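Subject: Handing over the structure

Hello,

Here is the structure I promised to pass on to you. Please open it alongside this message, and then read on for what turned up in it.

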Amino acid sequence: MTQLAAYSTSTGEAFQFWVLGTVAVIGALCTVFMKKAVHSALCLAGTMIILAVFYLANGAYFLGVVQIVVYTGAIMMLFLFVVMLVGVTAADSLKETIKGQRWLALLCGLGFGILLVAGIGNASLKEFNGLAQANANGNVEGIATLLFTKYVFAFEITGALLITAAVGAMVLTHRERTERAKTQRELAEERVREGKHLPPLPAPGVYARHNAVDIAGLLPDGTPSDLTVSKTLRERGQIRDVSAEALNDLKALEQRAEERLERTPIEPSTFKRAEEASK
């Protein structure tokens, strides 16, 4: 009976697999084909959550919790916030900083695919012990036994690769300073000598009847000021120009105010009569 239960699948488990598996595959494809990095990160986070559900459904409670807390809740959300704050456009992927990295990535992907197919084929040819026997002493203890006995070499290699990747990321992002950092006084004096914008930069949306960061502020003459919006938004072309709209709204507001207060424009002849009367 135990051996039969290991090979049989209930209706609910099969329904869950086909529904969530389809969503997971769609999320993985969207991660690759989405144009914006933020959307790709969100799709990847959804795929990771579905994998955690698979782990929990198969009795791997420790892996399911780790998948949600560590990968989805910490690493993936950190990556998402970094992408949203720093800003990554589709043009960044066209710049190949390391020669041959695309072919190397293709080769690594091909090797990973071969390993994946070989692993699935090897698993399909073996007999399963079932969840009851695998989690006889607890799920955590069963995972620890496999990691530190049968798969200890692969576990150590994976840890070494992760440490190497972390050190490599730090080396690539670190920029050695070759000169002394300028003080605030030196920076202010440099701005004065170069004739740059001396006072603080105006806030976005000033005089534009809107305080959004992607709307340029209006100067007193009604022209938009490029200093009020971020340089990143300007390079992306994500600035909304509402100068004409704001001026039209302002004119309509002034007209409604004049009609409500029953004010009429004073002609120049009225000033002349007033001056003659005073004389």
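Which residue forms a salt bridge with Arg180, and how far apart are the closest N and O atoms? The partner is Glu186, and those two atoms lie 2.9 Å apart. I will come back to this pair below, after some background.

First, how to read the values. This is a predicted model, in which local features need pLDDT of at least 70 and side-chain atom pairs count only at pLDDT 80 or more, while totals for chains, interfaces and linings use all residues. Residues are numbered from 1 along each chain as its sequence is written, and side-chain values use heavy atoms, with hydrogens and water left out.

**The overall picture**

The protein has 12 helices and 0 strands. Here helices (H or I, at least four residues) and strands (E, at least two) are DSSP runs, numbered from the N terminus. Of the 279 residues, 14% count as buried. Buried stands for under 20% relative accessible area, exposed for over 50%, and partly exposed for what lies in between, with a 1.4 Å probe and protein chains only.

The accessible surface of the protein is about 22600 Å², and carbon and sulfur atoms account for 66% of that. These areas come from the Shrake-Rupley method with a 1.4 Å probe, and for residues only the protein chains shown count as cover. As for contacts (heavy atoms within 4.5 Å), 48% of those between residues at least 6 apart in sequence join residues at least 24 apart.

**The salt bridges**

The structure holds 3 salt bridges. The term means a side-chain nitrogen of Lys or Arg within 4 Å of a carboxyl oxygen of Asp or Glu. Side chains of opposite charge can pair when their charged atoms come close.

- Arg180 and Glu186 are the pair from the opening question. Arg180 is exposed, at 58% relative accessible area, whereas Glu186 is partly exposed at 28%.
- Lys182 and Glu190 also meet through their side chains, at 2.8 Å from N to O. Lys182 is partly exposed at 45% relative accessibility, and Glu190 is partly exposed at 23%.
- Glu189 and Arg185 meet at 3.3 Å from N to O. They sit 4 residues apart in helix 9 (residues 184-194), so about one helical turn separates them. Glu189 is partly exposed, with a relative accessible area of 35%, while Arg185 is exposed, with 64%.

**Helix 4 and the nonpolar patch**

A nonpolar patch on the surface is formed by Leu56, Tyr61, Val65, Ile68, Val69, Val70, Tyr71 and Ile75, with about 720 Å² of accessible area together. Patches are made of residues with over 30% relative accessible area and no salt bridge; like charges are joined within 9 Å, and nonpolar side chains (Val, Leu, Ile, Met, Phe, Trp, Tyr) within 5 Å. Helix 4 (residues 61-86) gives the most to this patch, with 7 residues. One of the patch residues, Val65, is found in helix 4 and is partly exposed, with a relative accessible area of 48%.

Gln67 also has its place in helix 4, but this residue is buried, with a relative accessible area of 10%. Not counting residues up to four places away in sequence, Gln67 touches Met48, Leu51, Ala52, Tyr55 and Thr72.

**Helix 3**

Ser40 belongs to helix 3 (residues 37-57). Ser40 is buried, at 11% relative accessible area. Leaving aside neighbours within four places in sequence, Ser40 is in contact with Cys30, Thr31 and Met34. Val38 is found in helix 3 too, and is partly exposed at 25%. Val38 and Phe79 are 41 residues apart in sequence, yet their C-alpha atoms are 9.2 Å apart in space.

**Helix 7**

Which residues of helix 7 are buried? They are Asn139, Gly142 and Ile143. These residues cover an arc of only 95° around the axis, which puts them on the same side of helix 7; the arc is that of the directions from the helix axis to the C-beta atoms. The face turned away from this buried side carries the exposed residues Phe148 and Thr149.

The length of helix 7 (residues 139-150) fits as well: at 1.5 Å a residue, its 12 residues should span 16 Å, and the end C-alpha atoms are 16 Å apart, which agrees. The expected span is 1.5 Å times one less than the number of residues.
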